[in-house]
Amino acid sequence: MEQLAELKNNFGERKYQYTVDVIYDNRHGGTDVEALKRSLTWHGEQGYRLKEMITNELGKNSMTIGVGNYSSGVNSTQDQVVLVYEKLVEL
């Protein structure tokens with residue numbers, strides 16, 4: 001029982017620091033793997049670990065233009081990868 005109480009006390013004193021990085025799709029619409037590697041490497045060197053990774057789809061619409069019998073328009077989407085990093089800063 002004493003060990004359990006000690007574990008609870010130690011756990012309650014932990015403090016974490018968080019940071020977020022956002023990686024956007026590359027110009028071809030795929031995940032920017034090089035940017036992802038850079039983010040993971042840099043944060044790892046700073047003592048952070050990856051806590052969560054979320055993919056967020058962003059909608060992008062452009063105008064449709066019509067002249068006479070001709071019309072043109074573009075509808076595209078872009079994704080972003082949201083990386084949440086965590087670092088233990090105090091026990």
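Visitor: With which residue does arginine 49 form a salt bridge, and how far apart are the closest N and O atoms?

Guide: The partner of arginine 49 is glutamate 86, and the closest N and O atoms of this salt bridge are 2.7 Å apart. The pair links distant parts of the chain, since arginine 49 belongs to strand β2 (residues 49-61) and glutamate 86 to strand β5 (residues 75-90), 37 residues apart. A salt bridge here is a side-chain nitrogen of Lys or Arg within 4 Å of a carboxyl oxygen of Asp or Glu.

A word on the source is needed: this is a predicted model, in which local features need pLDDT of at least 70 and side-chain atom pairs count only at pLDDT 80 or more, while totals for chains, interfaces and linings use all residues. Residues are numbered from 1 along each chain as its sequence is written, and side-chain values use heavy atoms, leaving out hydrogens and water.

The two partners differ in their surroundings. Arginine 49 counts as exposed because its relative accessibility is 51%, whereas glutamate 86 counts as buried because its value is 4%. Buried means under 20% relative accessible area, exposed over 50%, and partly exposed in between, with a 1.4 Å probe and protein chains only.

By the salt-bridge rule, the count comes to two. The other bridge joins the side chains of glutamate 34 and lysine 37, at 3.6 Å from N to O. Both of these residues lie in helix α2, three residues apart, about one turn of the helix. An α-helix has 3.6 residues a turn, so residues three or four places apart point the same way. Glutamate 34 counts as partly exposed because its relative accessibility is 46%, and lysine 37 is partly exposed with a relative accessible area of 46%.

Helix α2 itself has 13 residues and reaches 18 Å from its first C-alpha to its last, close to the 18 Å expected at 1.5 Å a residue; the expected span is 1.5 Å times one less than the number of residues. Ala35, Leu36, Ser39 and His43 are the buried residues in α2. They cover an arc of only 105° around the axis, so they lie on the same side of α2; the arc is that of the directions from the helix axis to the C-beta atoms. On the face turned away from this buried side, α2 carries the exposed residues Arg38 and Glu45.

Glycines are found on either side of this helix. Glycine 30 lies in the loop between β1 (15-24) and α2 (33-45), and glycine 30 is partly exposed because its relative accessible area is 28%. Just after α2, glycine 47 takes a positive phi of about 95°.

These parts belong to a protein with two helices and five strands, following the pattern α-β-α-β-β-β-β along the sequence. Helices (H or I, at least four residues) and strands (E, at least two) are DSSP runs, numbered from the N terminus. The link between arginine 49 and glutamate 86, 37 residues apart, may be set beside the contacts of the whole protein: among those between residues at least 6 apart in sequence, 69% join residues at least 24 apart. Contact means heavy atoms within 4.5 Å. Buried residues, glutamate 86 being one of them, make up 16% of the 91 residues in the protein.
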